[in-house]
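Visitor: I'd like a quick tour of this one. Can we start with the ligand site?

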Amino acid sequence: MIYQRSSQLFAEAEKVIPGGVNSPVRAFKAVGGTPIFVKSAKGAYLFDEDGNKLIDYINSWGPMILGHAFQPVVDAVVEKAKLGTSFGMPTELETQIAALAVSMVPNIDKIRFVNSGTEACMSAIRLARGFTKRDKIIKFAGCYHGHSDSFLIQAGSGAITFGSPNSPGVTEGTAKDTLLAKYNDLENVSALIEANKNEIAAIIVEPVAGNMGCIPPNKGFLEGLRQMCTDNEILLIFDEVMTGFRLARGGVQELFNIKADIVCFGKVIGGGLPVGAFAARNEIMNYLAPLGPVYQAGTLSGNPLAMAAGLAMLQALDNDRAIFKRLEEKTAYLAAGIDKVLNANKVEFTINSVGSMISVHFDAAPVFDFQSAAKGDNETFKKFFHGLLNEGIYIAPSAYETWFITDALSYEDLDFTIQAIDKVSKTF
Ligand SMILES: *Cc1c(COP(=O)(O)O)cnc(C)c1O
(Lines give C-alpha, C1' and ligand atoms only; values in the text may rest on other atoms or scores of the structure.)
Protein backbone atom coordinates (compact mmCIF):
# COMPACT_ATOMS: atom_id res chain seq x y z
CA MET A 1 0.00 0.00 0.00
CA ILE A 2 1.09 3.57 -0.66
CA TYR A 3 1.01 6.27 2.01
CA GLN A 4 2.30 9.19 -0.02
CA ARG A 5 -0.32 11.79 0.81
CA SER A 6 -0.20 10.84 4.50
CA SER A 7 3.56 11.45 4.46
CA GLN A 8 3.08 14.87 2.89
CA LEU A 9 0.36 15.80 5.37
CA PHE A 10 2.56 14.67 8.23
CA ALA A 11 5.44 16.86 7.01
CA GLU A 12 3.08 19.85 7.00
CA ALA A 13 1.67 18.96 10.42
CA GLU A 14 5.17 18.72 11.93
CA LYS A 15 5.79 22.39 11.16
CA VAL A 16 2.92 23.61 13.34
CA ILE A 17 2.12 20.77 15.79
CA PRO A 18 4.80 19.25 18.08
CA GLY A 19 5.75 15.92 16.48
CA GLY A 20 2.88 16.43 14.04
CA VAL A 21 0.34 14.89 16.43
CA ASN A 22 -1.97 16.02 19.20
CA SER A 23 -1.34 12.90 21.29
CA PRO A 24 2.03 11.08 21.28
CA VAL A 25 0.50 7.59 20.88
CA ARG A 26 -0.46 8.55 17.33
CA ALA A 27 3.17 9.04 16.31
CA PHE A 28 5.07 6.16 14.73
CA LYS A 29 8.25 6.77 16.73
CA ALA A 30 8.30 3.25 18.23
CA VAL A 31 7.81 1.52 14.89
CA GLY A 32 9.32 3.96 12.37
CA GLY A 33 7.63 5.56 9.38
CA THR A 34 4.98 8.27 9.36
CA PRO A 35 1.45 8.25 10.80
CA ILE A 36 -1.52 7.62 8.55
CA PHE A 37 -3.94 10.48 8.06
CA VAL A 38 -7.56 9.42 8.20
CA LYS A 39 -10.21 10.83 5.93
CA SER A 40 -13.23 8.88 7.15
CA ALA A 41 -14.29 5.64 8.78
CA LYS A 42 -17.33 3.41 8.69
CA GLY A 43 -18.00 0.21 10.62
CA ALA A 44 -14.80 -1.82 10.91
CA TYR A 45 -12.84 0.20 8.34
CA LEU A 46 -10.70 3.31 8.10
CA PHE A 47 -10.31 5.17 4.80
CA ASP A 48 -7.11 7.18 4.65
CA GLU A 49 -6.02 10.22 2.63
CA ASP A 50 -4.31 7.99 0.04
CA GLY A 51 -7.52 6.08 -0.63
CA ASN A 52 -6.45 2.94 1.29
CA LYS A 53 -9.04 0.90 3.19
CA LEU A 54 -7.77 -0.51 6.50
CA ILE A 55 -9.31 -2.89 9.02
CA ASP A 56 -9.16 -0.95 12.29
CA TYR A 57 -8.13 -2.60 15.57
CA ILE A 58 -7.60 0.67 17.45
CA ASN A 59 -11.06 2.15 17.14
CA SER A 60 -10.10 5.54 18.49
CA TRP A 61 -8.30 3.71 21.35
CA GLY A 62 -11.54 2.19 22.56
CA PRO A 63 -14.64 4.34 22.13
CA MET A 64 -15.92 2.83 18.86
CA ILE A 65 -17.09 -0.45 20.37
CA LEU A 66 -19.97 -0.65 17.87
CA GLY A 67 -17.83 0.40 14.90
CA HIS A 68 -17.19 3.77 13.28
CA ALA A 69 -19.95 6.24 12.40
CA PHE A 70 -22.51 4.16 14.27
CA GLN A 71 -25.77 5.57 12.90
CA PRO A 72 -27.71 6.30 16.14
CA VAL A 73 -24.72 8.23 17.54
CA VAL A 74 -24.23 10.20 14.33
CA ASP A 75 -27.94 11.05 14.14
CA ALA A 76 -28.07 12.12 17.80
CA VAL A 77 -25.10 14.48 17.39
CA VAL A 78 -26.41 16.01 14.15
CA GLU A 79 -29.86 16.62 15.62
CA LYS A 80 -28.48 18.16 18.83
CA ALA A 81 -26.03 20.41 16.97
CA LYS A 82 -28.93 22.16 15.27
CA LEU A 83 -30.25 23.20 18.68
CA GLY A 84 -27.05 24.84 19.90
CA THR A 85 -23.66 23.38 20.75
CA SER A 86 -22.99 24.59 24.31
CA PHE A 87 -24.89 26.49 26.98
CA GLY A 88 -22.97 26.19 30.25
CA MET A 89 -26.38 25.56 31.82
CA PRO A 90 -28.11 22.35 32.88
CA THR A 91 -29.91 20.26 30.26
CA GLU A 92 -32.32 17.34 30.68
CA LEU A 93 -29.98 15.22 28.56
CA GLU A 94 -27.37 15.21 31.34
CA THR A 95 -29.84 13.68 33.77
CA GLN A 96 -30.86 11.08 31.18
CA ILE A 97 -27.34 9.82 30.55
CA ALA A 98 -26.47 10.00 34.26
CA ALA A 99 -29.56 7.95 35.19
CA LEU A 100 -28.79 5.36 32.52
CA ALA A 101 -25.14 5.05 33.58
CA VAL A 102 -26.14 4.71 37.24
CA SER A 103 -28.62 1.97 36.28
CA MET A 104 -26.01 0.03 34.28
CA VAL A 105 -23.08 0.21 36.72
CA PRO A 106 -23.27 -1.53 40.11
CA ASN A 107 -22.60 0.26 43.36
CA ILE A 108 -22.80 3.90 42.23
CA ASP A 109 -25.46 6.49 43.16
CA LYS A 110 -24.19 9.59 41.39
CA ILE A 111 -21.95 10.40 38.45
CA ARG A 112 -20.18 13.62 37.41
CA PHE A 113 -19.31 14.18 33.74
CA VAL A 114 -16.03 15.71 32.59
CA ASN A 115 -14.27 15.95 29.21
CA SER A 116 -11.66 13.17 29.25
CA GLY A 117 -10.43 10.11 31.08
CA THR A 118 -7.52 12.21 32.35
CA GLU A 119 -9.90 14.64 34.03
CA ALA A 120 -11.96 11.79 35.47
CA CYS A 121 -8.94 10.17 37.17
CA MET A 122 -7.47 13.49 38.30
CA SER A 123 -10.79 14.48 39.87
CA ALA A 124 -11.29 11.04 41.42
CA ILE A 125 -8.04 11.23 43.42
CA ARG A 126 -8.77 14.79 44.52
CA LEU A 127 -12.14 13.58 45.78
CA ALA A 128 -10.53 10.59 47.49
CA ARG A 129 -7.96 12.83 49.18
CA GLY A 130 -10.63 15.29 50.30
CA PHE A 131 -12.88 12.53 51.58
CA THR A 132 -10.18 10.61 53.51
CA LYS A 133 -8.14 13.69 54.50
CA ARG A 134 -4.99 11.83 53.44
CA ASP A 135 -2.46 12.73 50.73
CA LYS A 136 -0.81 9.62 49.31
CA ILE A 137 -2.04 7.33 46.57
CA ILE A 138 -0.84 3.94 45.34
CA LYS A 139 -0.69 3.30 41.61
CA PHE A 140 0.69 0.35 39.69
CA ALA A 141 3.68 0.43 37.34
CA GLY A 142 2.46 0.20 33.75
CA CYS A 143 -1.06 1.41 34.53
CA TYR A 144 -2.09 4.61 32.76
CA HIS A 145 -4.55 7.01 34.33
CA GLY A 146 -4.20 9.95 31.96
CA HIS A 147 -1.53 12.63 31.91
CA SER A 148 -2.17 14.56 35.12
CA ASP A 149 0.95 15.08 37.26
CA SER A 150 0.22 12.55 40.01
CA PHE A 151 -0.05 9.70 37.52
CA LEU A 152 2.99 10.27 35.33
CA ILE A 153 5.07 8.01 37.52
CA GLN A 154 5.86 4.82 35.59
CA ALA A 155 2.74 5.27 33.51
CA GLY A 156 1.81 2.89 30.70
CA SER A 157 0.72 3.47 27.09
CA GLY A 158 2.44 6.40 25.33
CA ALA A 159 4.44 7.24 28.44
CA ILE A 160 6.36 3.95 28.19
CA THR A 161 6.38 3.82 24.40
CA PHE A 162 8.24 7.12 24.28
CA GLY A 163 10.68 6.25 27.04
CA SER A 164 9.65 8.86 29.59
CA PRO A 165 7.73 6.97 32.25
CA ASN A 166 8.57 9.72 34.71
CA SER A 167 7.92 12.96 32.89
CA PRO A 168 10.00 16.10 33.44
CA GLY A 169 7.71 18.84 34.70
CA VAL A 170 6.22 16.66 37.43
CA THR A 171 7.53 18.14 40.70
CA GLU A 172 9.18 16.06 43.39
CA GLY A 173 6.52 17.27 45.78
CA THR A 174 3.83 15.69 43.61
CA ALA A 175 5.82 12.54 42.89
CA LYS A 176 6.43 11.82 46.58
CA ASP A 177 2.71 11.38 47.17
CA THR A 178 2.41 8.70 44.48
CA LEU A 179 3.58 5.30 45.71
CA LEU A 180 4.35 2.73 43.07
CA ALA A 181 3.34 -0.92 43.30
CA LYS A 182 3.70 -3.96 41.04
CA TYR A 183 0.59 -5.14 39.24
CA ASN A 184 -0.65 -8.53 40.43
CA ASP A 185 1.60 -8.37 43.54
CA LEU A 186 -0.46 -8.11 46.73
CA GLU A 187 2.54 -8.48 49.06
CA ASN A 188 4.08 -5.43 47.49
CA VAL A 189 0.88 -3.42 48.09
CA SER A 190 0.61 -4.66 51.64
CA ALA A 191 4.19 -3.56 52.39
CA LEU A 192 3.48 -0.07 51.03
CA ILE A 193 0.38 0.23 53.19
CA GLU A 194 2.33 -0.89 56.27
CA ALA A 195 5.10 1.61 55.60
CA ASN A 196 2.58 4.46 55.16
CA LYS A 197 0.03 3.71 57.85
CA ASN A 198 -2.99 6.06 57.82
CA GLU A 199 -1.46 8.16 55.04
CA ILE A 200 -2.92 6.53 51.95
CA ALA A 201 -6.09 8.03 50.51
CA ALA A 202 -6.61 5.67 47.61
CA ILE A 203 -5.37 2.78 45.53
CA ILE A 204 -6.05 3.40 41.85
CA VAL A 205 -5.92 0.47 39.46
CA GLU A 206 -6.88 -0.56 35.96
CA PRO A 207 -8.89 -3.60 37.10
CA VAL A 208 -8.02 -5.26 33.79
CA ALA A 209 -4.86 -3.52 32.62
CA GLY A 210 -4.83 -2.33 29.02
CA ASN A 211 -1.99 0.16 28.82
CA MET A 212 0.94 -2.30 28.92
CA GLY A 213 -0.81 -4.55 26.45
CA CYS A 214 -3.72 -6.43 27.95
CA ILE A 215 -2.99 -7.90 31.39
CA PRO A 216 -5.76 -9.62 33.35
CA PRO A 217 -5.72 -9.47 37.15
CA ASN A 218 -4.56 -12.75 38.70
CA LYS A 219 -7.17 -14.65 40.63
CA GLY A 220 -7.52 -12.98 44.03
CA PHE A 221 -5.65 -9.77 43.11
CA LEU A 222 -8.66 -7.44 42.98
CA GLU A 223 -10.30 -9.22 45.95
CA GLY A 224 -7.07 -8.71 47.91
CA LEU A 225 -6.96 -5.01 47.06
CA ARG A 226 -10.60 -4.67 48.11
CA GLN A 227 -9.88 -6.29 51.46
CA MET A 228 -6.76 -4.23 52.17
CA CYS A 229 -8.63 -1.02 51.32
CA THR A 230 -11.52 -1.91 53.62
CA ASP A 231 -9.16 -2.89 56.44
CA ASN A 232 -7.17 0.34 56.19
CA GLU A 233 -9.94 2.85 55.32
CA ILE A 234 -8.39 3.43 51.90
CA LEU A 235 -10.65 4.12 48.90
CA LEU A 236 -10.38 1.67 46.01
CA ILE A 237 -10.56 3.48 42.67
CA PHE A 238 -11.24 1.39 39.58
CA ASP A 239 -10.04 3.23 36.52
CA GLU A 240 -12.55 1.80 34.05
CA VAL A 241 -11.84 4.38 31.35
CA MET A 242 -10.93 1.50 29.04
CA THR A 243 -12.97 -1.36 30.54
CA GLY A 244 -16.19 0.48 31.46
CA PHE A 245 -19.17 -0.34 29.20
CA ARG A 246 -16.73 -2.65 27.33
CA LEU A 247 -16.11 -5.81 29.35
CA ALA A 248 -19.67 -5.90 30.73
CA ARG A 249 -22.61 -3.47 31.07
CA GLY A 250 -21.34 -2.67 34.55
CA GLY A 251 -17.64 -2.97 33.74
CA VAL A 252 -15.16 -4.96 35.81
CA GLN A 253 -17.14 -4.43 39.02
CA GLU A 254 -19.85 -6.57 37.42
CA LEU A 255 -17.51 -8.93 35.53
CA PHE A 256 -15.61 -10.03 38.65
CA ASN A 257 -18.24 -9.04 41.22
CA ILE A 258 -16.00 -6.64 43.18
CA LYS A 259 -17.05 -3.30 44.61
CA ALA A 260 -14.90 -0.25 44.01
CA ASP A 261 -15.39 2.98 45.97
CA ILE A 262 -14.91 5.34 43.04
CA VAL A 263 -15.10 4.39 39.34
CA CYS A 264 -13.65 6.40 36.44
CA PHE A 265 -15.00 6.32 32.91
CA GLY A 266 -14.03 7.64 29.49
CA LYS A 267 -13.78 6.29 25.95
CA VAL A 268 -16.97 4.24 25.31
CA ILE A 269 -19.10 6.49 27.56
CA GLY A 270 -18.70 9.36 25.08
CA GLY A 271 -19.50 7.39 21.92
CA GLY A 272 -16.45 9.02 20.26
CA LEU A 273 -16.92 12.54 21.63
CA PRO A 274 -14.73 13.98 24.41
CA VAL A 275 -16.31 12.61 27.59
CA GLY A 276 -15.07 11.27 30.90
CA ALA A 277 -16.92 10.68 34.16
CA PHE A 278 -16.38 9.56 37.73
CA ALA A 279 -18.94 7.98 39.99
CA ALA A 280 -19.39 6.65 43.52
CA ARG A 281 -21.98 6.15 46.20
CA ASN A 282 -23.75 9.22 47.68
CA GLU A 283 -21.55 9.47 50.77
CA ILE A 284 -18.50 10.11 48.58
CA MET A 285 -20.07 12.03 45.67
CA ASN A 286 -21.77 14.48 48.05
CA TYR A 287 -18.28 15.67 48.98
CA LEU A 288 -18.07 17.42 45.60
CA ALA A 289 -18.85 21.11 45.03
CA PRO A 290 -21.47 22.56 45.11
CA LEU A 291 -22.67 20.10 47.80
CA GLY A 292 -19.32 19.55 49.47
CA PRO A 293 -15.87 21.11 49.83
CA VAL A 294 -13.95 19.33 47.01
CA TYR A 295 -13.86 21.61 43.97
CA GLN A 296 -14.20 20.30 40.44
CA ALA A 297 -15.65 22.09 37.40
CA GLY A 298 -15.70 22.44 33.60
CA THR A 299 -17.02 24.98 31.08
CA LEU A 300 -17.80 22.25 28.56
CA SER A 301 -18.60 19.44 31.02
CA GLY A 302 -21.90 17.79 30.10
CA ASN A 303 -21.72 19.38 26.65
CA PRO A 304 -24.93 18.60 24.74
CA LEU A 305 -23.27 17.06 21.68
CA ALA A 306 -21.06 14.87 23.85
CA MET A 307 -23.97 13.83 26.08
CA ALA A 308 -26.14 13.04 23.04
CA ALA A 309 -23.42 10.81 21.60
CA GLY A 310 -22.80 9.12 24.94
CA LEU A 311 -26.49 8.56 25.59
CA ALA A 312 -27.05 7.01 22.14
CA MET A 313 -24.05 4.72 22.73
CA LEU A 314 -25.11 3.61 26.21
CA GLN A 315 -28.69 3.03 25.04
CA ALA A 316 -27.45 0.82 22.21
CA LEU A 317 -25.33 -1.21 24.66
CA ASP A 318 -28.12 -1.36 27.23
CA ASN A 319 -30.62 -2.62 24.65
CA ASP A 320 -28.39 -5.33 23.21
CA ARG A 321 -27.91 -7.86 26.00
CA ALA A 322 -25.90 -10.23 23.77
CA ILE A 323 -23.28 -7.67 22.77
CA PHE A 324 -20.55 -8.44 25.30
CA LYS A 325 -20.79 -12.19 24.68
CA ARG A 326 -20.65 -11.63 20.93
CA LEU A 327 -17.52 -9.48 21.30
CA GLU A 328 -15.88 -12.05 23.54
CA GLU A 329 -16.57 -14.81 21.00
CA LYS A 330 -15.01 -12.77 18.19
CA THR A 331 -11.97 -12.06 20.33
CA ALA A 332 -11.58 -15.75 21.24
CA TYR A 333 -11.84 -16.67 17.55
CA LEU A 334 -9.13 -14.16 16.64
CA ALA A 335 -6.91 -15.28 19.54
CA ALA A 336 -7.21 -18.95 18.53
CA GLY A 337 -6.43 -18.10 14.91
CA ILE A 338 -3.36 -16.02 15.78
CA ASP A 339 -2.19 -18.68 18.23
CA LYS A 340 -2.35 -21.33 15.52
CA VAL A 341 -0.43 -19.43 12.82
CA LEU A 342 2.26 -18.02 15.15
CA ASN A 343 2.86 -21.49 16.57
CA ALA A 344 3.05 -22.96 13.06
CA ASN A 345 5.60 -20.28 12.15
CA LYS A 346 7.64 -20.94 15.33
CA VAL A 347 7.29 -17.42 16.71
CA GLU A 348 7.81 -16.84 20.46
CA PHE A 349 4.72 -15.06 21.74
CA THR A 350 2.06 -14.72 24.45
CA ILE A 351 -1.52 -13.70 23.76
CA ASN A 352 -3.49 -12.08 26.59
CA SER A 353 -7.16 -11.28 26.27
CA VAL A 354 -10.21 -10.42 28.34
CA GLY A 355 -13.57 -9.79 26.68
CA SER A 356 -12.99 -7.55 23.66
CA MET A 357 -9.42 -6.59 24.67
CA ILE A 358 -6.51 -8.55 23.21
CA SER A 359 -2.75 -8.13 22.82
CA VAL A 360 0.11 -10.12 21.34
CA HIS A 361 3.45 -9.92 23.19
CA PHE A 362 6.55 -11.21 21.41
CA ASP A 363 7.95 -13.18 24.33
CA ALA A 364 7.08 -16.74 25.29
CA ALA A 365 6.94 -16.13 29.07
CA PRO A 366 3.67 -15.16 30.79
CA VAL A 367 2.96 -11.41 30.81
CA PHE A 368 1.45 -10.37 34.15
CA ASP A 369 3.00 -7.00 35.07
CA PHE A 370 5.03 -4.12 33.66
CA GLN A 371 8.39 -5.91 33.90
CA SER A 372 7.18 -8.99 32.05
CA ALA A 373 5.43 -6.81 29.44
CA ALA A 374 8.67 -4.92 28.82
CA LYS A 375 10.45 -8.14 27.77
CA GLY A 376 8.60 -8.27 24.45
CA ASP A 377 10.82 -8.11 21.36
CA ASN A 378 10.29 -4.71 19.79
CA GLU A 379 12.16 -5.55 16.58
CA THR A 380 9.68 -8.35 15.90
CA PHE A 381 6.83 -6.02 16.80
CA LYS A 382 8.03 -3.45 14.24
CA LYS A 383 8.04 -6.07 11.48
CA PHE A 384 4.64 -7.26 12.62
CA PHE A 385 3.18 -3.76 12.65
CA HIS A 386 4.48 -2.71 9.24
CA GLY A 387 3.72 -6.11 7.71
CA LEU A 388 0.10 -5.86 8.81
CA LEU A 389 -0.17 -2.25 7.68
CA ASN A 390 1.00 -3.37 4.26
CA GLU A 391 -1.82 -5.92 4.23
CA GLY A 392 -4.38 -3.22 5.12
CA ILE A 393 -4.64 -3.91 8.85
CA TYR A 394 -4.16 -1.16 11.40
CA ILE A 395 -3.02 -2.05 14.93
CA ALA A 396 -1.61 0.45 17.43
CA PRO A 397 1.93 1.59 16.60
CA SER A 398 3.26 0.33 19.95
CA ALA A 399 3.77 -3.08 21.54
CA TYR A 400 2.31 -1.69 24.79
CA GLU A 401 -1.20 -1.21 23.45
CA THR A 402 -4.31 -3.36 23.49
CA TRP A 403 -6.32 -4.07 20.35
CA PHE A 404 -10.06 -3.47 20.56
CA ILE A 405 -12.54 -5.82 18.94
CA THR A 406 -15.73 -4.13 17.76
CA ASP A 407 -19.15 -5.40 16.89
CA ALA A 408 -18.62 -4.14 13.34
CA LEU A 409 -15.79 -6.65 12.65
CA SER A 410 -17.04 -9.61 10.64
CA TYR A 411 -15.67 -13.15 10.80
CA GLU A 412 -14.39 -12.54 7.24
CA ASP A 413 -12.39 -9.58 8.60
CA LEU A 414 -11.01 -11.79 11.37
CA ASP A 415 -10.09 -14.56 8.89
CA PHE A 416 -8.42 -11.99 6.65
CA THR A 417 -6.45 -10.74 9.67
CA ILE A 418 -5.35 -14.25 10.69
CA GLN A 419 -4.19 -15.00 7.12
CA ALA A 420 -2.27 -11.72 7.04
CA ILE A 421 -0.59 -12.55 10.36
CA ASP A 422 0.36 -15.96 8.94
CA LYS A 423 1.95 -14.32 5.90
CA VAL A 424 3.73 -11.60 7.90
CA SER A 425 5.06 -13.91 10.62
CA LYS A 426 6.70 -16.14 7.99
CA THR A 427 9.04 -13.21 7.28
CA PHE A 428 10.23 -12.72 10.91
C1 LIG B 1 -7.25 6.26 27.97
C2 LIG B 1 -7.15 6.08 29.41
C3 LIG B 1 -7.12 7.17 30.29
C4 LIG B 1 -7.04 8.59 29.82
O5 LIG B 1 -8.17 8.99 29.10
P6 LIG B 1 -8.07 10.26 28.11
O7 LIG B 1 -9.47 10.44 27.63
O8 LIG B 1 -7.09 9.88 27.06
O9 LIG B 1 -7.60 11.42 28.91
C10 LIG B 1 -7.14 6.92 31.64
N11 LIG B 1 -7.18 5.67 32.11
C12 LIG B 1 -7.19 4.60 31.31
C13 LIG B 1 -7.26 3.23 31.89
C14 LIG B 1 -7.16 4.76 29.92
O15 LIG B 1 -7.14 3.68 29.13
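Guide: A rule to begin with: a residue is near a molecule or strand if one of its heavy atoms lies within 4 Å of it. This is a predicted model, where local features need pLDDT of at least 70 and side-chain atom pairs count only at pLDDT 80 or more, while totals for chains, interfaces and linings use all residues. Residues are numbered from 1 along each chain as its sequence is written, and side-chain values use heavy atoms, with hydrogens and water left out.

Visitor: Which residues are around the ligand?
Guide: Ser 116, Gly 117, Thr 118, Tyr 144, His 145, Gly 146, Glu 206, Asn 211, Asp 239, Val 241, Met 242 and Lys 267.

Visitor: How does that shell divide into nonpolar, polar and charged?
Guide: Three are nonpolar, six polar and three charged. Ala, Val, Leu, Ile, Met, Phe, Trp, Tyr, Cys and Pro count as nonpolar; Asp, Glu, Lys and Arg count as charged; the others, Gly among them, count as polar.

Visitor: What lies 2.6 Å from a nitrogen atom of the ligand?
Guide: A polar side-chain atom of Asp 239. A polar contact is a pair of N or O atoms within 3.5 Å; within protein, one must be able to donate a hydrogen and the other to accept it, and residues adjacent in sequence count only if both atoms are side-chain atoms. Backbone N or O atoms contribute too: one of Gly 117 lies 2.9 Å from a ligand oxygen atom, and one of Tyr 144 lies 3.1 Å from a ligand nitrogen atom.

Visitor: How much of the ligand's accessible area does the protein cover?
Guide: 84% of the 380 Å² that the ligand has on its own. Areas come from the Shrake-Rupley method with a 1.4 Å probe; for residues, only the protein chains shown count as cover.

Visitor: Switching topic. How many cavities of 30 Å³ or more does a search of the whole structure find?
Guide: One. On a 1 Å grid over the protein atoms alone, a cavity is a set of points where a 1.4 Å probe fits but cannot get out; a pocket is an open set with protein on both sides within 12 Å along at least five of seven lines; lining residues have an atom within 4 Å of a point. Points are joined across faces, edges and corners, and a volume is the space filled by probe spheres set on the points.

Visitor: What lines the largest cavity?
Guide: Ser 359, Val 360, Phe 381, Ile 395, Ala 396, Ser 398, Ala 399, Glu 401 and Trp 403. Six are nonpolar, two polar and one charged.

Visitor: And what volume has the second largest pocket?
Guide: About 570 Å³. Its lining has 23 residues, with Pro 90, Glu 94, Arg 112, Ser 301 and Gly 302 nearest the centre.
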